[in-house]
Amino acid sequence: MPDTFIDIQDVCFAYPDSSDTPAPASQSEQSFYDAESANAVDHVSLKIERGEHLAVLGRNGSGKSTLARLINGLEIPTAGSIWVDGKSTVSEADIWDIRRSCGMIFQNPDNQIVATTIEEDVAFGPENLGIPQPQLGVAVSQALAYVGLSDYARSAPSELSGGQKQKLAIAGIIAMQPACLIMDEATSMLDPLSRQAIIKLVRKLQQERGLTIINITHDMNEAVQADRVAVMQQGRLLMEGSPAQVFHQVETLQHLGLDVPVHTAISFYLGKHFKLSFPSGSLATPEAAEEQLRQSFRFLERPKDDGTAKTETLADQPRPQIKVEDVSYVYQAGLPNAKRALEHIDFTVKPGEFFGIMGHSGSGKSTLIQHLNGLLRLQSGSVNILDYDLRQVKDIRQLRRHIQLLFQYPEHQLFAETVWDDIAFGPRRMGFSETEIAENVKAAVQVVGVEESWLQRSPFELSGGEKRRVALAGILAMKPEILVLDEPAAGLDPAGREEILNYMRILSEAGTTVVLVSHNMDDLARLCDRILVLDHGRRLLLGTPAEIFSRQDLIEQGKLTLPASKAFLRRFQSACPQLNTDCFSVDAAVSELARFVQLKPAAREEVRQQQAQKDRRGGTTL
Amino acid sequence: MTFTLGNYYPGASLLHKLDPRTKILASLLLMVVLFMINQPLPLVIFGLFLAFMIAMSGVPFRLVLKSVRPVVFLAVFAWALNVFTTPDDHYWFSWSFLHASPQGFWVGLRMAVRLFFLVMATQLCLTLTTTPLEMADGIERLLRPLARLGFPSHELAMMMSIALRFVPTLADETDKIMKAQSSRGADYDTGGAIARARGLVSVLIPLFVSALKRADELATAMEARCYRGGEGRTRLHVLRFSNKDIGASLALLLVLALLLVLEYGLL
């Protein structure tokens with residue numbers, strides 16, 4: 001018997017005037033050129049059951065966040081109605097009750113903490129409801145205990161990590177005794193470990209307290225854990241169903257710019273290679289996908305492919321462009337709260353190499369890269385960049401011409417009146433001539449696909465993803481030989497992410513040395529020639545992706561996570577020992593598998609039937 | 001990056017534990033009395049009382065002394081002005097229209113001492129032993145009666161507390177933006193004042209934009225958590241006068257009464 005908690009009935013919503021209204025807080029993706037689709041939410045009908053875990057997927061600007069704000073009564077539908085637990089969000093009398101029962105967690109952990117101490121922040125909601133002492137104090141301490149922040153009750157918010165801040169936000173909701181938790185891309189600014197922790201916490205809330213969970217996300221690893229997935233595009237509800245059903249639409253989702261789980265994608269494309277479609281939902285989990293593939297395919301004996309030639313050519317290259325030797329760094333050196341950030345780090349980067357730096361939050365990644373262009377002064381050890389010895393460089397700007405650093409969320413550094421001026425800022429400061437500047441800006445703009453028509457606009461009119469591209473162009477316009485990027489794709493949706501990473505690949509192929517800092521193992525594994533793994537300020541490993549991810553011991557200790565494609569391929573190693581599991585992209589994995597499999601007779605029969613069916617259908621429609 | 005605002009000195013002394021309202025009112029009273037006394041004996045006794053309070057608070061004496069640094073110039077200036085402008089029967093020496101008078105010397109000295117005492121007493125009672133948050137709370141409660149006249153005391157306190165909350169966040173952000181712009185060739189350390197000021201534009205604009213965005217998001221988050229102004233709100237930590245406050249207030253009143261008696265004699 002379905003017990004509908006939230007009933008969305010044919011809801012439309014348009015921002016009054018998209019040019020001067022702030023876009024949804026979580027992601028200002030209401031850019032000037034997609035403002036033409038007037039409705040941010042367009043005739044959406046959806047019922048959400050009590051205690052259900054619903055994931056809402058969609059690209060930035062697809063109306064997901066607006067939908068969340070509508071449920072919470074932060075916006076009122078322009079047409080249609082929303083009922084939460086039998087109460088309409090239009091009703092003035094019920095709105096506070098709806099907001100209390102539907103707690104909302106936003107994207108930026110910093111921008112939802114109100115108070116100066118942790119416990120006061122948790123108390124903020126209940127205080128607003130007028131809950132008296134001593135119930136208030138009890139609610140606060142119970143909520144803090146539930147999320148595991150009791151030890152921080154009297155600390156300042158600035159002492160917490162991003163993941164802890166989101167836990168604090170959840171505690172603030174729990175203290176209000178909610179019936180529903182809405183997460184508006186609440187994990188998108190967190191590292192993978194914190195993400196997992198938040199999702200675990202949320203699922204615990206669902207199971208133990210029967211909370212309804214609505215998770216608006218880009219991360220399909222989160223979405224597969226939901227009971228149901230809804231996909232939105234341009235304000236419309238496009239698809240809805242169990243994760244197994246929805247993620248089976250591999251090509252449709254990818255066409256929308258969304259991700260599907262790696263094992264589903266590999267199996268799907270392997271099937272497609274042999275013109276075989278699998279039954280809907282049969283590829284949902286890695287186990288199910290393995291089972292399905294074993295059912296349809298026979299595994300063959302083949303000689304091992306020995307084709308990893310790229311590293312060898314690099315080994316011949318002469319002197320390194322970056323040479324870091326025995327670098328250590330201590331923050332607040334000499335004070336009681338001194339913190340060791342780096343300890344005896346050594347590595348070199350060769351010309352043209354695509355070099356990855358990987359590590360969890362607090363592993364010293366950002367401290368390390370700030371050494372590379374002299375933002376942090378060397379305390380011990382040495383750094384050589386090209387011909388510069390950083391211990392002796394007089395004019396640091398000379399060095400920065402050659403090595404450029406792109407920080408996380410670089411869109412926050414835009415400031416000029418026009419996009420053109422902002423991109424030209426760097427080259428100007430570096431003393432390029434005006435004609436050179438014009439040329440460089442043009443070239444940079446082409447690489448990152450910034451349209452000519454944007455150049456005279458204010459950068460603040462652009463959407464988040466567009467701003468990021470402008471920021472990247474501002475770095476490229478200095479024509480650096482070495483490019484260091486800190487999580488360049490953070491917070492973007494899958495298609496935006498892929499786009500940015502693709503620029504990296506293009507630049508690398510054009511000869512630029514790229515140093516990519518990330519905590520995303522999958523991205524690093526498929527892009528990088530070599531990876532440096534940092535752990536608590538120390539060098540844990542340095543090697544090719546294949547070498548790194550063969551370290552079973554470290555994977556078992558939880559210091560490394562196997563890239564999803566390799567993890568999936570390893571399932572077939574027992575069937576064909578020669579299979580090369582060092583394939584870090586879906587394409588590579590599919591072509592590697594395709595060499596080793598053959599359709600079983602039953603599957604071959606199936607292909608014939610599917611083909612016939614398709615022909616017949618094609619015939620009737622024509 | 002950790003960041004401490006003001007110069008709160010953590011401790012558990014009586015002075016730390018007093019209700020902020022007591023301390024705010026006491027500071028006001030101390031200020032008033034300090035301007036009413038002028039004779040050496042009451043001033044010396046005030047000084048001794050101040051010394052006693054410092055000792056009791058556990059705040060290192062040099063920290064308290066450091067707090068007068070900003071007013072040293074003002075005190076010396078006032079003192080010099082007094083020395084040269086106070087009329088007297090005889091002068092130590094004269095130069096043009098300036099006459100150094102012994103009377104002026106003493107008047108100026110007492111004035112300077114009172115200024116130092118004033119700063120030290122308020123610093124000790126307020127910033128050194130009271131956290132900024134307690135201050136905001138105390139001010140809100142003291143101003144609350146004015147709310148009936150339409151004075152936004154709750155809003156004022158909320159603004160103060162949010163400002164306090166975001167100081168470390170914005171400090172962090174400033175650091176990040178400066179680093180990002182430095183990487184692009186911006187230079188904040190060399191060049192003349194104008195060049196440097198212009199360089200700061202590349203920091204201030206992004207900072208301003210981000211602060212506005214934060215404000216917008218924070219407002220949404222507060223609304224989502226049912227914030228609708230001060231009416232009907234309860235507080236996790238309610239300020240409550242304790243016996244300590246009563247005791248300390250009585251002691252203070254006694255000392256101040258003694259000072260006034262010494263100054264003006266028994267009426």
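Which residues line the second largest cavity? They are Met358(A), Gly359(A), His360(A), Met521(A), Val533(A), Leu534(A), Asp535(A), Leu540(A) and Lys559(A). Here a cavity is a set of points, on a 1 Å grid over the protein atoms alone, where a 1.4 Å probe fits but cannot get out, and lining residues have an atom within 4 Å of a point.

This is a predicted model, in which local features need pLDDT of at least 70 and side-chain atom pairs count only at pLDDT 80 or more, while totals for chains, interfaces and linings use all residues. Residues are numbered from 1 along each chain as its sequence is written, chains are lettered from A in the order in which they are written, and side-chain values use heavy atoms, with hydrogens and water left out.

Back to that second cavity: its volume comes to about 60 Å³, a volume being the space filled by probe spheres set on the points, with grid points joined across faces, edges and corners. Strand 20 (residues 530–535) of chain A gives the most to its lining, three residues; strands (E, at least two residues) and helices (H or I, at least four) are DSSP runs numbered from the N terminus. By class, the lining has five nonpolar, two polar and two charged residues, where Ala, Val, Leu, Ile, Met, Phe, Trp, Tyr, Cys and Pro count as nonpolar, Asp, Glu, Lys and Arg as charged, and the others, Gly among them, as polar.

Of the 16 residues lining it, Glu120(A), Met158(B), Ser161(B), Arg233(B) and Arg235(B) are the closest to its centre. Helix 3 (118–129) of chain A, plus helix 7 (132–147) and helix 8 (153–183) of chain B, each give two or more residues to this lining. Its residues split into seven nonpolar, three polar and six charged.

Now for the contact between the chains. With contact meaning heavy atoms within 4.5 Å, chain A puts in 65 residues and chain B 45. About 4900 Å² is buried between them, 55% of it from carbon and sulfur atoms; buried area is the accessible area (1.4 Å probe) that two parts lose on being put together, summed over both. On the chain A side, Trp96(A), Asn111(A) and Asn128(A) lose the most area to chain B. Seven salt bridges link the chains, each a side-chain nitrogen of Lys or Arg within 4 Å of a carboxyl oxygen of Asp or Glu. Arg235(B) pairs up this way with Glu120(A), the closest N and O atoms being 3.6 Å apart.

Definitions and conventions. 1 Å grid on protein atoms, 1.4 Å probe; cavity = no way out; pocket = protein on both sides within 12 Å on 5 of 7 lines; lining within 4 Å.
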